[in-house]
Amino acid sequence: VMKKRLFLDTDQEEPKADAYVLYPQAIEDSLAGRLPLTEIQACKLAALVLQHDIGPFDSKRNMAEQLERYIAGSLMRRSNLTKTQWADMIAKEHQSLKTMAKMDCN
């Protein structure tokens, strides 16, 4: 998302197609540690990815086992949060997206 400002004029109304390019780029860059995110921002992005990929929140899903798929390892290592705390934060964000359609997550 940060790269968008470098290449696109943000004063113009942006076409919807940009989201289809920027969303995967943001995910890839965040997981590679190239997109500087706070813990809260990382949890929000992870929740959007979950909502897009698996749909509404399911309390039976164990997020602590899958954190590396949604949060950059470098961010988890420098954070003071445990895996359980990360999973709880992501779950809370994911629950808040329960009415969001898959296409709106982009």
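Predicted model: local features only at pLDDT ≥ 70, side-chain atom pairs only at ≥ 80, totals over all residues.

Residues are numbered from 1 along each chain as its sequence is written, and side-chain values use heavy atoms, with hydrogens and water left out.

Student: Which pattern does the chain follow along the sequence?
Tutor: Helices (H or I, at least four residues) and strands (E, at least two) are taken as DSSP runs, numbered from the N terminus. The chain has five helices and zero strands. Read in order, the pattern is α-α-α-α-α.

Student: What percentage of the residues in the chain is buried?
Tutor: Buried means under 20% relative accessible area, exposed means over 50%, and partly exposed lies in between (1.4 Å probe, protein chains only). The chain has 106 residues, and the buried share is 35%.

Student: Is α3 parallel or oblique to α5?
Tutor: Two packed helices are described by the angle between their axes and the distance between the axes. Axes are lines fitted to C-alpha atoms, for helices over the stretch in contact, and angles run from 0 to 180 degrees between N-to-C directions. Helix α3 (residues 39-54) and helix α5 (residues 83-96) pack with their axes 8 Å apart, at an angle of about 60°. Because angles under 35 degrees count as roughly parallel, over 145 as roughly antiparallel, 65 to 115 as roughly perpendicular and the rest as oblique, α3 is to α5 oblique.

Student: Which residues in α5 does α3 meet?
Tutor: Contact means heavy atoms within 4.5 Å. From α3 the contributors include Ile40, Ala47, Leu50 and Ile54. Their partners in α5 are Trp86, Met89, Ile90, Glu93 and His94.

Student: Is Lys92 buried or exposed?
Tutor: Lys92 lies in helix α5, and its C-alpha is 9.1 Å from that of Phe57, 35 residues apart in sequence. Because its relative accessibility is 62%, Lys92 counts as exposed.

Student: What is the relative accessible area of Ala101?
Tutor: Ala101 is found in the segment after α5. Ala101 is partly exposed, and its relative accessible area is 40%.
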